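Subject: Structure handover

Hello,

Please find the structure below, followed by notes on what was found in it.

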Amino acid sequence: MRTGKMTTKKEEATCPVCLEYFTEPVSLECGHNFCRACIAQCWEGSDTAASCPQCRETVQQRNLRPNRQLASILELVKQLSLQAAKGAGGDGVCERHQEALKLFCEEDQTPICVVCDRSRAHRAHTVVPIEEAAQEYKERIQAHLKTLREERENLLGLKATGEGNSQEYLKQTQIERQKIVSEFQQLQQFLEEQERLLLAQLEKLDKEIVRIQNENVSKFSEQISGLSELINEMEGKCRKPASEFLQDVRTTLSRCEKGKFQQPGEISPKLEERVSGFSQKTIVLMEILGKFKDTLPSELERKRGGSFGAHRQGESAGEDCL
């Protein structure tokens with residue numbers, strides 16, 4: 001009974017032209033009611049007299065009067081519709097008509113009320129019950145959710161695999177780092193040991209050269225000193241008178257002949273050979289270290305590029321399979 005009264009109130013509050021709640025309702029002489037804008041549109045181009053769109057009776061446009069009582073009923077109907085919609089357990093209410101949103105327009109993809117369904121805006125549209133539309137779209141979304149969940153699981157698996165591979169690679173790089181540090185430490189120790197050996201040999205050779213040089217300097221100094229004394233003596237002999245000068249002259253000549261300069265012994269051939277041999281060692285050392293410095297970076301780059309390139313190809317193939 002209450003529902004029937006509500007339906008009658010709604011029909012009384014609905015314009016027969018736009019089929020929506022009255023907006024600024026007005027009454028004609030024949031007793032029918034319309035929205036002011038709707039009747040003005042129907043009478044567009046007419047003179048003072050026009051026909052009623054509902055009963056076709058001729059009425060005078062000047063006798064058009066506002067229907068305040070209908071406007072009050074309209075507000076009451078809107079409030080009752082809002083309360084009825086909320087009482088039904090739904091908070092979806094049409095903002096324009098204050099009716100429950102029980103329908104769904106497929107074209108506009110929006111919930112509408114029964115008054116919207118009778119309006120011009122949705123008259124030619126496909127309209128279905130809102131629960132039916134919700135169920136249909138839920139099923140479609142559930143189908144997409146299944147695919148999305150599968151894709152998420154696939155990505156989670158790839159993420160876990162990638163993290164595991166990264167940890168394994170980090171372990172391998174740590175091992176290689178330790179190997180490299182160890183090898184270069186051993187190489188450094190070896191080079192330092194070779195450096196100490198070569199420098200020790202050079203130091204020993206330096207001492208031998210200095211010893212021989214000191215011996216030669218000592219011999220030269222003795223001979224120079226002896227020759228200087230003989231020269232002074234002969235010069236003094238030559239300044240004496242002839243009678244005195246000629247006394248024992250043969251002995252004097254003999255002493256001059258014996259006083260000729262005698263060179264000290266030269267550096268031993270073995271020592272010279274040792275110096276020359278060390279020069280050869282230096283040349284060999286420079287050649288080996290030069291080749292090492294030139295070869296090591298290029299060889300490391302070639303090995304790194306080959307192994308890393310193969311590794312990247314393997315990863316690419318694995319990604320293609322995924």
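Valine 275 is partly exposed, because its relative accessible area of 35% falls between the two cut-offs used here: buried means under 20% relative accessible area and exposed over 50%, with a 1.4 Å probe and protein chains only as cover. The residue lies in helix α8 (residues 269-321). Helices (H or I, at least four residues) and strands (E, at least two) are DSSP runs, numbered from the N terminus. Leaving aside residues up to four places away in sequence, valine 275 touches Leu205 and Ile209, where contact means heavy atoms within 4.5 Å.

The model is predicted: local features need pLDDT of at least 70, side-chain atom pairs count only at pLDDT 80 or more, and totals for chains, interfaces and linings use all residues. Residues are numbered from 1 along each chain as its sequence is written, and side-chain values use heavy atoms, with hydrogens and water left out.

The chain as a whole

The chain has eight helices and eight strands. It has 322 residues, of which 16% count as buried. The exposed surface comes to about 24,300 Å², and carbon and sulfur atoms supply 54% of it; these areas come from the Shrake-Rupley method with a 1.4 Å probe. Among contacts with a separation of 6 or more, 45% are between residues 24 or more positions apart.

Two bridges link strand β1 (residues 25-27) to β5, and two strands count as paired if DSSP finds at least two bridges between them. In this pairing, serine 27 stands opposite arginine 65.

Asparagine 67 lies in the loop between β5 (65-66) and α3. It counts as buried, at 16% relative accessibility. Its side chain makes a polar contact of 2.9 Å with that of asparagine 33. A polar contact is a pair of N or O atoms within 3.5 Å; within protein, one must be able to donate a hydrogen and the other to accept it, and residues adjacent in sequence count only if both atoms are side-chain atoms.

The cores

The largest nonpolar core has 19 residues, and those with the most contacts inside it are Cys15, Leu28 and Phe34. Such a core is a set of buried Ala, Val, Leu, Ile, Met, Phe, Trp, Tyr and Cys residues joined through side-chain atoms within 4.5 Å. β2 (33-35), α2 (36-42) and α3 (68-87) each supply at least two of its residues, and the largest share, three residues, comes from α3. Another core lies apart from it and has seven residues, including Cys105 and Ile112.

The β7-β6-β8 sheet

A further open sheet has three strands in the order β7-β6-β8, also with antiparallel pairing. β7 (110-112) and β8 (127-129) are its edge strands, each with a single partner, so one side of each is left without a neighbour in the sheet. Strand β6 (residues 103-105) is joined to β7 by three bridges, and leucine 103 stands opposite isoleucine 112. Helix α5 (residues 130-238) lies across β6, β7 and β8, at about 90° to β8; axes are lines fitted to C-alpha atoms, for helices over the stretch in contact, and angles run from 0 to 180 degrees between N-to-C directions.

Regards
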